[in-house]
Amino acid sequence: MLKVVQCWDDGVINDIRLTDLLRRWGAKATFNLNPGFHSDERGVNRWAGPGYSGWSCRGFLPGKVGRREMKEIYSGFRVASHCFRHETVGTLPDDKFVQAAIDARTWLEDLFQCECPGFAWPCGRYTPETCRALREAGFAYGRTTQNSSDVAGCEETMALHPSCHFQANDFYGRYEEAKKTGIFYFWGHSYEMQEYDELWRQLEMKIQFISEDPDSVWADVIDIVPECHRRGAR
């Protein structure tokens, strides 16, 4: 059976629609969160106006889910550290970066009352030194943004490369190719679909396709780590 895993970053309001979609098709997923960016109450989605020069997703500015509703929104799914405020390797000293990763994990474990050994590298940036430091801090894996044709064949689980982004043009081709190696891993941000129903419909078609494939089974990212170790990764 092909194990299919997915994860989504940043804890935005669009995750509410996403989690409803995933539950409808019985799909598992991990959500990588930045606790320091969340307020008690839900934020709002908005569009950048004239003169705006900050970050946006093609002009879309996603709001964050509220801290008070996080347990309900992500109920039944895994959550993982994405650093406390999306701290990125190379933009601050390594020791402060590692502490930010740990602080996010601690916050999530306190809220969800479960272990959160997963990690996703903000902006996909990592180094051998930060991989080693997070592994020593107790993290089980760290997802990158680099594509791999053999997910379980990684040499280092703290640099775990996914198969592709969920909007990859060759998504279905990579999915079929992954049946040769046993794991298909995709990732993304729900805000990338913004509020366009056609983009949401495209994702639902993929989730439905996988859920109805008799040769595949949904799994959590943490579930594939033992197989990575068996294949030789640390």
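This is a conversation about selected features of a predicted model.

Trainee: What should I know before reading the values?
Mentor: The model is predicted, so local features need pLDDT of at least 70 and side-chain atom pairs count only at pLDDT 80 or more, whereas totals for chains, interfaces and linings use all residues. Residues are numbered from 1 along each chain as its sequence is written, and side-chain values use heavy atoms, with hydrogens and water left out.

Trainee: Is His-38 buried or exposed?
Mentor: His-38 counts as buried because its relative accessibility is 4%; buried means under 20% relative accessible area, exposed over 50%, and partly exposed in between (1.4 Å probe, protein chains only).

Trainee: What does the side chain of His-38 reach?
Mentor: It reaches the backbone oxygen of Val-65 at 2.7 Å.

Trainee: Moving on, how many salt bridges are there?
Mentor: The count comes to 15, a salt bridge being a side-chain nitrogen of Lys or Arg within 4 Å of a carboxyl oxygen of Asp or Glu. One of them joins the side chains of Glu-204 and Arg-24 (3.1 Å, N to O). That pair links distant parts of the chain, with Glu-204 in helix H6 and Arg-24 in helix H1, 180 residues apart. Helices are DSSP runs (H or I, at least four residues), strands likewise (E, at least two), numbered from the N terminus.

Trainee: Is Arg-24 buried or exposed?
Mentor: Arg-24 is exposed, because its relative accessible area is 51%, whereas Glu-204 is partly exposed at 21%.

Trainee: And which salt bridge does Glu-177 form?
Mentor: Glu-177 pairs with Lys-180, the closest N and O atoms being 3.2 Å apart.

How values were computed
A polar contact is a pair of N or O atoms within 3.5 Å; within protein, one must be able to donate a hydrogen and the other to accept it, and residues adjacent in sequence count only if both atoms are side-chain atoms.
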